[in-house]
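Subject: Structure handover

Hello,

Here is the structure we talked about. Please have it open while you read the notes that follow.

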Amino acid sequence: LLVGKGNYLCTTRLGHALADRGTLLADAEHDELQRISEWAGQTSTGLRHELRPPPQPEVWDLVNADSSSCSRKHCDCEKCFFQRAKARIRSAQVIIVNHALLFALINAGGARADDTRKDARGVLFADDFVVLDEAHTVPEVATEHFGLSLSSYGVDRALRQLFNPRTKRGQLGRLGGAEGQQLVEHALNASRQFFEAVANAFLAERAIVRAREPGAVEPLLDGPLGALERFLGKTADRLEDGRPRDELLEHRQRVKGIQAGITEWLTLGEERQVYWAERSGRKQTIVTLRGAPLDVAPELRRHLFGCGTAVVCASATLAMGGQIEPFAARVGAEEARSRIVRSPFDFERNMRVHVASDVPLPTAQEAKLALDVLTDYVAFCTSRVRGGSLVLFTSYSDMRALAAALAPRFADEGRPFLMQGEGLSRTELAREMRARGNAVLFGTDSFWTGVDVPGDALAQVIITRLPFDPPTHP
């Protein structure tokens, strides 16, 4: 089972963070680093989701394996959790990854990066084949990974890893001197101004708006990022070969990537891509520049279905109206053989569907009323079953509003209440639900498919809104 590098603890980076904590961390974060260090001696996998409560993101960024300094060159492969996981891959016959990691690895070169032979077949490794479960989500996940996504939060975080003006900590706190620190401060200020300009130009009235003309916003970040990138290169060149130099060069590549992404978005750089801006986050303050291929089929044909190897797509919802051709065309697999198998489940005897026809539409005028009615329905329905209830939402704000209203009621009834986004991963939430037997679980996106809770622990599913993408989305 393989997850993304950022989920693994790197013991080498942990050791360096402990040694350098005076220059990298604020005093308040020292205890968190110590807690991670103690956990490192107890865990067998080094996976972040095992650490309770979850680690602070700023501290975890310093010790996870998502860095060039976590490599066979720098790490003891017996001690580093990520290097151990990589070693297991080399002898494994079956590797399980989620779709997001699969496409991230494909994007990084896949089998061609892993094998030096020109005629190498395979998707991730030479001569492998792939089974894609829940394959109906493949077009959406592939579109994300073959597109562009740059957020104000991500840019700010990447820059503050170099130097945080508030705490005076970071990579350039030691190596950059006054010049490097000043360059990071300039870039942070320019980033704030640039994303504010994007928000003013595009997002004053709606949360998602398409960019149709190039140059709609001034490239305020281009100069500061270019100056910072050149400084990082010069500073790295003065260092001897080793971990500090590798890390600076990695930061340089990241800054260069941010600069290239912003330039692509401002110029609408790719002809067959659509570009847009969107607001997100709890307070709707994160601004993200997005781009996506209009048609992802050619990419999937090149990286998956044209690799000279078997790709099996399976899902309960690949066919539309008894036809599988629309899905095959969408993923570039028109030549593939297909088979539709009817479900053996006896729906007539084992399932009952109720449709509430009197819930108001969630328009601006009736939003409050719609939420109140929804709250009443969820309270009523969950009280009608002895087993567990899974309540599915299409909106985080709706989910949080209903949770605030109903959590005390569930507590009074002695029912365990679980909610996505409160620290536990999807896997842990599903495990908790199976164990508790009569829990109420509120979930969004990732709970709509692929969750298995057998028996009475899941007696009821409540769908608050049907999960259709709005037709106005770019």
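How many salt bridges does the count come to? The count comes to 18 salt bridges. Please keep in mind that this is a predicted model. Opposite charges on side chains can pair when the charged atoms come close.

Salt bridges

Start with Asp61 and Arg157. Their side chains meet in a salt bridge, at 2.8 Å from N to O. Asp61 sits in helix α4, residues 57-63, and Arg157 sits in helix α9, residues 152-162, so this pair ties together parts that are 96 residues apart in sequence. Is Asp61 buried or exposed? Asp61 counts as buried, because its relative accessibility is 18% and the cut-off for buried is under 20%. Arg157 has 28% relative accessibility, so Arg157 counts as partly exposed.

Stay in helix α9 for the next pair. Asp156 and Arg160 form a salt bridge through their side chains, at 2.8 Å from N to O. Both residues lie in α9. They are four residues apart, about one turn of the helix. Asp156 has a relative accessible area of 25%, so Asp156 is partly exposed. Arg160 also counts as partly exposed, at 32% relative accessibility.

Now go to helix α19, residues 426-436. Glu432 and Arg436 both lie there, four residues apart, which is about one turn of the helix. Their side chains meet in a salt bridge, at 3.0 Å from N to O. Glu432 is partly exposed, with 26% relative accessibility. Arg436 is partly exposed too, with a relative accessible area of 44%.

Cavity

How many cavities of 30 Å³ or more does a search of the whole structure find? The search finds one. The volume of the largest cavity is about 40 Å³. Two elements give two or more residues to its lining: α12 (222-237) and α13 (243-267). The lining residues of the largest cavity are these:

- Pro219, Leu221, Asp222 and Leu225 are among them.
- Gln259, Ile262, Thr263 and Leu266 are also among them.

Which element gives the largest share of this lining? That is α13, with four residues. By class, the lining of the largest cavity has five nonpolar residues, two polar residues and one charged residue.

Second largest pocket

Look next at the second largest pocket. About 750 Å³ of space lies in it. It is lined by 22 residues. Which of these are the closest to its centre? They are Leu2, Phe82, Lys86, Leu105 and Phe125. The elements that give two or more residues to the lining of this pocket are α5 (81-91), α6 (99-107) and α7 (110-114). Helix α5 gives the most, with five residues. By class, the lining of the second largest pocket has 11 nonpolar, five polar and six charged residues.

Where to look

For a quick tour, begin at the pair Asp61 and Arg157, which links α4 with α9. Then view the cavity lining, where α13 has the largest share. Finish at the second largest pocket, with Leu2 and Phe82 among the residues closest to its centre.

Best wishes

Definitions and conventions
Residues numbered from 1 in each chain as written. Predicted model: local features only at pLDDT ≥ 70, side-chain atom pairs only at ≥ 80, totals over all residues. Heavy atoms only, no water. 1 Å grid on protein atoms, 1.4 Å probe; cavity = no way out; pocket = protein on both sides within 12 Å on 5 of 7 lines; lining within 4 Å. Points joined across faces, edges and corners; volume = space filled by probe spheres on them. Nonpolar A, V, L, I, M, F, W, Y, C, P; charged D, E, K, R; others polar. Salt bridge = Lys/Arg side-chain N within 4 Å of Asp/Glu carboxyl O. Buried < 20%, exposed > 50% of the residue type's maximum accessible area, 1.4 Å probe, protein only.
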